[in-house]
Structure formats: C-alpha cells, structure tokens
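Here is a walk through one protein model. Keep the sequence and the 3D view side by side as you read.

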Amino acid sequence: MQYTTTLDAPLFEKVEAVIVPLSESECARLPAAYKPLDRALDGQLAAALAAGDFKGEEHTTCNLYTAGKIPASRVLLIGTGKGKDVSIIEWQHIVGTAARTLQATRVTRYALVLPAAYLKRVKPHELGALTAKGVLVSTYHFAEYKSDPAAKLPEPTQMIVGPLTAAADKQFVKGIEEGTIVGESMNWMRRFGDMPSSDATPTYLAKEAQSIAKSDKRFTVKIIEKAEMEKLGMGALLGVARGAETPPKCIVIEWRGDAHAKDTWRALVGKGITFDTGGISIKPSAAMDEMRYDMCGGGAVLGAMRAIGMLGLKANIVGIIPATDNMPGGRAQKPGDIVKTMRGKTIEVLNTDAEGRLVLADGLGYAQQYEPKAIVDLATLTGACVVALGHHYAAHFANNSALEKQVQEAVDRSGDRSWHMPLGDAYTREVKSDVADWQNLGKMDRAGGSITAAAFLEQFAEGRPWVHLDIAGTAWDTQPKPWRGKGATGFGVHLLVELAKKWSK
C-alpha cells in the first residue's frame with residue numbers, strides 16, 4: 001500500500017475514487033471546504049444532499065459518478081454520524097467502511113479528504129496511524145483456500161490523503177508508518193485464527209514465531225517441546241495436551257530492545273489453544289468450528305511482538321504462548337484429575353473445557369523466571385465474559401492499580417475496548433479446591449464465571465503486577481461489520497503495542 005499526503009485537496013489526483021466524509025450537520029449545510037468539489041461536479045454533491053439521498057448517518061455510503069468532470073471516476077460519500085461527537089477511535093472504523101466499500105467494487109486507488117475538524121482536535125501522528133490501520137484492517141480478506149481467482153478481492157494499492165497543513169504533514173506521515181506496521185501485524189495474526197486448525201497447529205505457530213526472529217537480531221526464540229515440558233514440570237499444559245495427536249509447544253519469544261536494562265522484563269502471555277473440542281467435557285457440535293479461534297490470545301501476543309520489533313521499541317519484552325489442541329481420547333485428562341503446575345501448585349480439573357486457564361497457569365509460571373515488572377495475559381477464556389459484555393468490550397482484571405491504569409490508557413489509544421472488572425477474596429475462595437490447591441471452576445459453576453477464572457489465574461501471577469484480558473467476545477466476529485469482515489479481528493495487538501510504547505519511555 002503506497003500512501004501519499006498532499007497539502008492541497010486531493011480531488012484532482014489521478015485515482016479511481018475520492019472518499020468524502022460528511023457528518024449529519026454537514027449534509028444539512030455543506031462546509032465551505034467542500035464547495036470546490038461541488039463546483040467541479042457541477043453541483044451534483046449539493047443536489048444529492050438536498051434530495052436526501054445521503055444524510056451522513058454513521059457508516060452509510062453514497063456513490064456519485066463524476067462523468068469525467070474530475071479525474072476520479074466516482075466520489076464516495078461516507079457518513080460520520082453526529083460529527084463532533086465521533087471519537088478518533090471511531091474514525092478508523094469510518095475510514096475502514098469506506099475502504100471496504102470500494103474494495104467490493106475492486107477499486108484499489110483512492111483519495112481521502114480529511115475533515116478539518118479532526119485535524120484541529122487530534123494529533124496528526126495519531127490521526128495518521130489510525131487512518132492507515134483502519135484501511136488495512138478493513139480490507140483484509142481471507143481467501144487463500146478459494147480456488148476461484150474471482151473470489152479473491154484486491155488489496156488497496158494507493159491512497160492519497162489531504163489536505164494537510166505543512167506543520168501536520170510530517171507527523172501524519174510518521175503516524176501512517178506506525179499504523180501500517182500495526183495493521184499489517186494484526187492481519188498477519190488474523191490468518192492464524194481464520195486458517196483451519198489442521199494447518200494452524202502449535203508447530204505452525206512456532207514456525208511463525210521463528211520467522212519473526214529472523215527479522216532482527218534483538219529477537220530470540222525458544223520452542224519448548226514436550227520432553228522439556230515434562231522436565232520443567234508443566235503438568236497443567238501437558239494435561240490439556242494429553243488427548244491431542246498434534247504435539248504441544250510452548251513458544252517463548254524475547255525482544256531485547258533496551259540494552260541498558262537487560263535484566264528488566266515485561267511478560268505477555270497468550271492462550272494458544274489451536275482447537276478446542278472441550279476435551280472429555282465435550283462442547284456441543286453447533287459452532288464448534290469457531291474453536292479454531294481459541295488461539296487468538298496467543299496470536300495477539302505474536303502479532304504484538306512482530307510490531308514491537310518492527311517499531312524498534314526500547315523495552316525488554318518476552319512473549320509466552322503455551323499452545324496445544326484440546327481433544328478427547330483414550331489418554332485425555334478427565335474431570336476429577338489433579339495436575340501439578342511448573343511452580344508446584346496443584347489443580348483439580350473439574351471440567352476439561354476450562355482448559356485455557358490450565359495452560360496459562362504454566363505460561364504464567366514460566367514467566368516468573370524473568371522476574372518481570374509486569375505480566376499481561378490474553379485469552380479467549382470464558383463464555384461468561386460474552387454474557388456479561390457482549391462482543392463490544394473485552395474484560396480486564398488487575399492486581400495492581402498502576403499497571404491497570406497503563407492498560408486502560410492503551411485501551412483508550414488503540415480502540416481495543418475493555419472494561420475493568422472486579423477481583424477479591426470472595427472470588428478467590430470460589431476456586432479453592434477441597435482436594436488440591438485450586439480447582440479450575442468456581443464453586444458456583446457459571447455464576448461470575450469470567451471473574452472466578454481471573455481469580456484462578458491471579459494465583460499464578462505470584463504477586464507480581466498482573467493484568468488478565470478475557471477477549472472471548474472480541475477476538476472474532478461471527479457476522480461482518482461495515483468496517484470489517486467476519487472472522488478473526490486482531491483484537492489485542494494494538495493494545496499491547498500501545499502498552500509496550502509506554503514501557504519503552
């Protein structure tokens with residue numbers, strides 16, 4: 001994707017389409033900034049608005065065909081809703097809707113008119129980053145298993161953005177560069193969830209982690225195989241893996257971006273269940289195909305590590321992804337089994353479908369050897385989180401207010417929305433076992449399920465600053481949105497990058 005910025009209105013550039021964002025109030029009274037375009041179109045823009053063909057409602061679109069009056073063959077109007085009330089985070093979705101609409105018509109070269117209101121209230125760097133990210137995420141199209149070439153939509157090739165002031169142009173371009181890295185890293189990891197689990201195995205994820213390491217000598221990758229897991233005592237991860245034919249992997253990817261603080265680490269831990277049948281506590285067959293997305297926490301960690309390296313952030317960060325299938329079988333662990341974790345704590349397995357917290361227990365345990373200043377884990381962990389918050393927000397839980405504040409700031413900057421949920425002794429008591437140290441279900445079973453799962457994980461953070469993100473409701477879409485197709489969303493990648501930027505200051 002080639003980006004060009006311009007200090008002049010981009011309507012005279014030789015592109016296929018010009019994207020014009022308009023709010024509801026601007027449709028009622030066309031701003032002066034758009035009058036030159038209207039005159040070039042012989043009043044067609046004002047006429048369409050006066051006729052009520054387009055009212056500026058959020059994510060609505062309208063095509064105007066230029067009949068050669070300007071070099072672009074069409075003008076795409078995109079609604080921004082109330083305009084002044086639209087957040088900068090929503091801006092990336094609006095841009096995405098426009099780009100996705102044009103992609104459906106196989107338009108790959110377009111210009112974007114930047115609303116003056118955004119330039120006045122948003123830093124150019126941030127605006128550039130979210131614009132580039134919005135275009136890339138919206139035009140991601142998973143079709144590598146399609147045999148018909150016509151089923152594969154083209155990726156955008158050129159985007160001209162303006163008008164910008166001379167003062168804003170340089171920072172906007174830097175933002176585009178960063179947003180491109182983040183957007184490409186999100187799309188890179190989205191493939192892992194969208195691929196069939198027969199291909200996106202733990203071994204495949206391990207190879208992709210190794211491919212990241214080849215890009216920069218500051219990366220180091222270690223793949224912990226089953227034999228070493230046994231030596232390390234990773235009984236919780238191995239217990240989940242017992243029924244699987246595909247070998248488990250624990251992927252450890254280190255980024256040493258700060259040579260002056262080589263012993264100062266932060267850890268990102270991601271659930272990497274490459275397919276989840278539920279094991280012996282088997283799931284219903286309906287929508288079980290979606291369980292290939294159960295590795296999206298681990299995928300987000302890999303995608304973030306890729307972006308962190310490409311941005312050259314000055315922080316030391318380790319990504320840990322315990323990866324395995326969760327399958328039934330003659331050797332699979334059973335409800336009532338007791339497993340011993342790497343750090344010596346024992347867990348009573350009451351439900352083999354509560355496997356994510358088991359593999360994370362050993363992932364968090366492995367992180368302890370780095371003596372990290374902060375630990376953040378991500379997991380498509382509980383259906384209870386979806387019941388509580390739907391598909392609009394993830395949930396996050398924290399044992400440290402300073403780290404929680406950093407995560408919330410990263411949420412606000414990235415647009416990966418998350419809601420701070422409670423923890424406490426009342427929930428911890430729910431996961432104490434009568435026959436082991438802990439149990440992998442709360443005593444009240446489904447009541448407060450996302451919270452009791454977090455209370456369980458808290459025990460394996462061992463008092464270090466820790467935040468858990470339950471992304472079960474946000475990691476994939478079962479239906480397409482105006483700005484994004486169905487499938488893996490890439491949720492968490494941008495959030496983790498923003499957090500890493502904070503750590504690198």
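Predicted model: local features only at pLDDT ≥ 70, side-chain atom pairs only at ≥ 80, totals over all residues.

Start with the largest pocket. Its volume is about 900 Å³. A total of 36 residues line this pocket. Which of them lie closest to its centre? They are Asp-353, Leu-381, Thr-382, Gly-383 and Ala-384.

By class, the lining has 13 nonpolar, 13 polar and 10 charged residues. H12 (356-367), H13 (383-389) and H16 (449-461) each supply at least two lining residues. Which helix gives the most? That is H13, with five residues.

The axes of H12 and H16 come within 8 Å of each other. They cross at roughly 25°. An angle under 35 degrees counts as roughly parallel, and H12 and H16 are therefore roughly parallel to each other. Their crossing is right-handed.

Rolling a probe the size of a water molecule over the atoms shows where empty space is left. How many cavities of 30 Å³ or more does the structure hold? It holds one. The volume of the largest cavity is about 40 Å³.

Look at what surrounds the largest cavity. Its lining consists of Gly-239, Val-240, Gly-243, Gly-279, Ile-280, Asn-326, Met-327, Ala-332, Gln-333 and Thr-352. By class, four of the lining residues are nonpolar and six are polar. None is charged. The lining of the largest pocket, by contrast, includes 10 charged residues.

Now compare another helix pair. H7 spans residues 166-194, and H11 spans residues 296-311. The two pack with their axes 9 Å apart, at an angle of about 150°. That angle makes H7 roughly antiparallel to H11. The crossing of H7 and H11 is right-handed.

Finish at helix H17, residues 493-503. Is this helix mostly covered or mostly uncovered? H17 is mostly covered, with nine of its 11 residues buried.

Conventions
Residues numbered from 1 in each chain as written. Heavy atoms only, no water. 1 Å grid on protein atoms, 1.4 Å probe; cavity = no way out; pocket = protein on both sides within 12 Å on 5 of 7 lines; lining within 4 Å. Points joined across faces, edges and corners; volume = space filled by probe spheres on them. Nonpolar A, V, L, I, M, F, W, Y, C, P; charged D, E, K, R; others polar. Buried < 20%, exposed > 50% of the residue type's maximum accessible area, 1.4 Å probe, protein only. Helix = DSSP H or I, 4+ residues; strand = E, 2+ residues; numbered from the N terminus. Axes fitted to C-alpha atoms, helices over the stretch in contact; angles between N-to-C directions. Parallel < 35°, antiparallel > 145°, perpendicular 65-115°, else oblique. Left-handed = near helix turned anticlockwise from the far one by under 90°.
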